[in-house]
Amino acid sequence: MFQADASSHSPVLESLRQAKPVLWTGPVTPSAAGGPGAHFLMDQVLSAQERFARFAPLLAELFPELAETRGVIESPLLPAAAMQAAIGLPHQDGRLWIKADHALPVAGSIKARGGIHEVLEFAESLALREGLLHPGDDYRKLAGPEARAVFGRHQVAVGSTGNLGLSIGVIASALGFRSAVHMSADAKEWKKARLRARGVEVVEHAGDYEKAVAAGRAQVEADAFGYFVDDERSASLFLGYAAAALHLRVQLHEAGVRVDAEHPLFVYLPCGVGGAPGGIAFGLKQLYGPHVHCFFAEPVQSPCFLVRMMAGRGELPGAPASASVYDVGLTNVTEADGLAVPTASELAYAAVGAHLGGVYTVEDDTLYADLARLKDSEGLRIEPSAAAGFSGPRHLCGTNAGRAWLRAQGLDAHLPRATHLAWTTGGLFVPDEEYDRFLSRGRSLAAGN
């Protein structure tokens, strides 16, 4: 475990090590966040969006829930005045909206974006190589027996705490691939059951997320027809997530929400390994530049991206650049299973580390309380990890550290015209019994505050 000497202690480091909620504001220098993954281009994001469009007719055929949208996998942008009041965000500090990825069809979480995109990209490359597709073809051909016979020879595998595994398993099995999901001990039983019901092989591991990923990677290396979706290193996942920014731009415009120097956009993104929030943050920065400010939200016991950001800026003297939450004495144990990751993605760090507004941490009890507040104020059902975004306005507008950052950025005068966007990341398929337990605990905690 990393041991800092007394001279290196700071209030943020002390709060981090004591598992107390904290706001850290960045960014690191661009040179510190350089390396592989640091040079994605907007053209690559547009290519991901075009791939989704090519596959849309096939997706509408494979998944009846996509018939109405003609195969488009998207979530609504929702005004949240009642939730704004529930979390105590004053109107003079802006307006709260929700990007409702907890309602994404097919996979029921933000992972439907990147996970489905990567499997589609693999299927497309394989189909073109095998002569199953030619430029301009109708991709519904890939639902036919010839394509399924080819896909059935290949296995798609992934290591996951839950939601990424769901997205990979669902789309891979629907296309006819053999599929295996390596899941860590903290993955929820209902997620394992849902995968098995789809014919996906679920391989359980006693260790944490990193051990599940390593096991999945090793399995694929031994399989000549295997393909591993690497949550820590995948450019395809990252770009699938980034494509969300393009649709959000349309939604904001249709809702009459301006984003410019006098109308700043603050986006709060729950963060596990960093690929999903990193991709979205990258896409938004490409579109809105200095007028969007992205903050990652992590559990107090699993702040892997915060640890990486602090290490990158030299705020953890003696710690390696790839420091994990274990290196600062934390347990990586949290009820937010999708965020229980000990070490950040280097690809995501390289791509967006220099462009984040900051990272903040949240206690599990706060996640549950906000889950209940959201249900009681807006009628929305999410899982605990998806509630992490709602602490963002509290940190930014309700703490000395947040207010100091706003003043330093020259943003405090523009707060009345600001948009605060909480990105909800999962919950659509949580079983009723499980959700009722979440809600009961959350209401008890919210009542006690």
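Reader: How much of the protein chain counts as buried?
Author: Of its 449 residues, 59% count as buried. Keep in mind that this is a predicted model.

Reader: What's the secondary structure count?
Author: The protein chain comes to 17 helices and 11 strands.

Reader: And how many of the contacts link residues 24 or more positions apart?
Author: Such pairs make up 75% of the contacts with a separation of 6 or more.

Reader: What about the surface, how much of that is carbon and sulfur?
Author: Carbon and sulfur atoms hold 52% of an accessible surface of about 16,500 Å².

Reader: Where do the mean positions of the charges sit relative to each other?
Author: They are 2 Å apart, taking 39 positive and 49 negative charges.

Reader: Switching topic. Which domains is the chain divided into?
Author: Domain 1 is made of 12–25 + 36–108 + 236–448, and domain 2 covers 110–234. In the contact, 49 residues come from domain 1 and 41 residues from domain 2. The C-alpha centres of the two domains lie 25 Å apart.

Reader: I'm looking at Lys111 now. Which helix is that in?
Author: Lys111 is in helix H4, which runs over residues 111–129.

Reader: Is that lysine buried or exposed?
Author: Lys111 counts as buried, because its relative accessibility is 14% and the cut-off for buried is under 20%.

Reader: What does Lys111 contact, then?
Author: Leaving aside neighbours within four places in sequence, Lys111 is in contact with Ile116, Asn163, Leu164, Ser167, Asp231, Tyr241 and Ala276. There's also Gly275, which is 164 residues away in sequence, with a C-alpha to C-alpha distance from Lys111 of 9.7 Å.

Reader: Let's go to H12. Why is it described as largely enclosed?
Author: Because 8 of its 9 residues are buried, H12 is largely enclosed by the rest of the structure. The buried ones are Cys304, Phe305, Leu306, Val307, Arg308, Met309, Met310 and Ala311.

Reader: Zoom in on Ala311 for me. What does it touch?
Author: Ala311 touches Leu316, Pro320 and Ala321, if you don't count residues up to four places away in sequence. Ala311 belongs to helix H12 (residues 304–312) and has a relative accessible area of 15%, so it is buried. Between Ala311 and Ser324 there are 9.8 Å in space, C-alpha to C-alpha, and the two are 13 residues apart in sequence.

Reader: What happens just after H12?
Author: Gly314 takes a positive phi there, of about 75°.

Reader: Last one, Ser385. Where is it?
Author: Ser385 is in the loop between helix H14 (364–378) and helix H15 (392–398).

Reader: So is Ser385 buried or exposed, and what does it touch?
Author: Ser385 counts as buried, at 3% relative accessibility. Not counting residues up to four places away in sequence, Ser385 touches Pro270, Ala336, Leu339 and Thr425.

Key. Residues numbered from 1 in each chain as written. Predicted model: local features only at pLDDT ≥ 70, side-chain atom pairs only at ≥ 80, totals over all residues. Heavy atoms only, no water. Helix = DSSP H or I, 4+ residues; strand = E, 2+ residues; numbered from the N terminus. Buried < 20%, exposed > 50% of the residue type's maximum accessible area, 1.4 Å probe, protein only. Contact = heavy atoms within 4.5 Å. Areas by Shrake-Rupley, 256 points an atom, 1.4 Å probe, with all protein chains shown as cover. Lys, Arg positive; Asp, Glu negative; His and termini not counted. Charge placed at Lys NZ, Arg CZ, Asp CG, Glu CD. Domains from an automatic or database assignment.
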